[in-house]
Amino acid sequence: MQLSEWSVLLLLLKLASYIAIAGLAGTLLMRFMCGNSNVAGHHLISFYQFLKRWQITCVTIGSITALLQVPIEAGAMAESGFMGMFDPFMLEIVWQSVIGEQATLRIPALIIALISACMWNVKSDDNVAGYKNGAVILIMLGFIAYSFTFTGHSANENGLVKSILTFHLIAIASWLGSLWPLYKSCTLLPTSEVKRLMHYFGQLAIVIIFVLLISGLTLLLQYLESFSVLFTSNYGQLILLKLLLVSAMLLLGAWHKLFLVPQITQQHHINILKRSITVEIVIALFVLITTSIFTTLVGPPV
């Protein structure tokens, strides 16, 4: 693994784009879960207003990273300092590569998602309009997730593998991206509604984790030539670290579902839940950092 200023910059760019797609997926999941809520109007509007602000923030971050990808890749290739980012020859080379194809798909999808997020009327009683708005963003999320398969170790894989990776990305983004909205729900929603939301999330999480495990195992079998490389290569060791972190999140999720959520009746139970979600968010950040490292700096052993 060789580190340079450019590789660190590309790593941070990938991390920011992962956080953005996680935030977008998580807010969408929360919108779906709150769609049939019986919570009082002003509490729900407050939570929706938070979701809208966070959704716009995440899509904006994603748009900035998508716009910076081409010039930073050009600068890394030029190796002539900061001005290399504006070298017309290098920019043309990068734009004609898979990086350019990725930007061609991702940037319009992010712009449409941003417009849709801004147009979401959180105070409207028109559920159909809200579902249509969410559906547009969901489709754009699919395009954005698929654009990640254009580069890295999945670039040369067939359509089936890329589709599995897309589902894998959306599943883990939905899970990790839901944590911050769940944390905020503890302060914006009444205790009974937090309990209902956490219970609903616990049920959906079972489906998400199932998709995550099946797709992840399929991808591992595709990328790794043998079981032993998990222990003998940098890529395999990073995969094991990610699995360890995800396992820790699974244990915390099980603790929430089986013990914390059923006991929620008073505010101090909510405070315990908030502290536990905070720990889960920190672990989730390490999951994203680990994923950014092995998708940017370390490829599968060949």
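Mentor: Let us begin with a definition: contact means heavy atoms within 4.5 Å. This is a predicted model, in which local features need pLDDT of at least 70 and side-chain atom pairs count only at pLDDT 80 or more, while totals for chains, interfaces and linings use all residues. Residues are numbered from 1 along each chain as its sequence is written, and side-chain values use heavy atoms, with hydrogens and water left out.

Trainee: Which residues does glutamine 102 touch, not counting residues up to four places away in sequence?

Mentor: Glutamine 102 touches Gln69, Ser147, Phe148, Phe150 and Thr151. Glutamine 102 has its place in helix α4, residues 98-119. Helices (H or I, at least four residues) are DSSP runs, numbered from the N terminus.

Trainee: Why is glutamine 102 called buried?

Mentor: Buried means under 20% relative accessible area, exposed means over 50%, and partly exposed lies in between, with a 1.4 Å probe and protein chains only. Glutamine 102 has 5% relative accessibility, and therefore counts as buried.

Trainee: What makes cysteine 118 partly exposed?

Mentor: Its relative accessible area is 40%, so cysteine 118 is partly exposed. Cysteine 118 is also found in helix α4. Leaving aside neighbours within four places in sequence, cysteine 118 is in contact with Lys52 and Ile56. The C-alpha atoms of cysteine 118 and lysine 52 are separated by 7.5 Å, although the two residues are 66 residues apart along the chain.

Trainee: How do you know that the length of helix α2 agrees with its number of residues?

Mentor: The expected span of a helix is 1.5 Å times one less than its number of residues. Helix α2 (residues 41-78) has 38 residues and should therefore span 56 Å; its end C-alpha atoms are 55 Å apart, which agrees. Helix α7 has 33 residues and reaches 45 Å from its first C-alpha to its last, close to the 48 Å expected.

Trainee: Where do α2 and α7 bend?

Mentor: The bend at a residue is the angle between axes fitted to the seven residues ending there and the seven starting there. In α2 a kink of about 35° lies at glutamine 69, shortly before proline 71. In α7 the bend is about 25°, at leucine 204. Just after α2, glutamate 79 takes a positive phi of about 50°.

Trainee: How many cavities of 30 Å³ or more does the structure hold?

Mentor: The structure holds 2 such cavities. The largest cavity has about 90 Å³ of space, and the residues that line it include Ser17, Cys58, Arg106 and Phe148. The elements giving two or more residues to this lining are α1 (5-34), α2 and α4.

Trainee: Which residues lie nearest the centre of the largest pocket?

Mentor: Leu28, Arg31, Phe32, Tyr131 and Gly134 lie nearest its centre, among 39 lining residues. The volume of the largest pocket is about 1000 Å³. The largest share of the lining, 9 residues, comes from α5.

Trainee: Is leucine 245 buried or exposed?

Mentor: With a relative accessible area of 17%, leucine 245 is buried. Leucine 245 is found in helix α9, residues 234-260. Its contacts, leaving aside neighbours within four places in sequence, are Ile283, Phe286, Val287 and Thr290.

Methods: On a 1 Å grid over the protein atoms alone, a cavity is a set of points where a 1.4 Å probe fits but cannot get out, and a pocket is an open set with protein on both sides within 12 Å along at least five of seven lines; lining residues have an atom within 4 Å of a point. Grid points are joined across faces, edges and corners, and a volume is the space filled by probe spheres set on the points.
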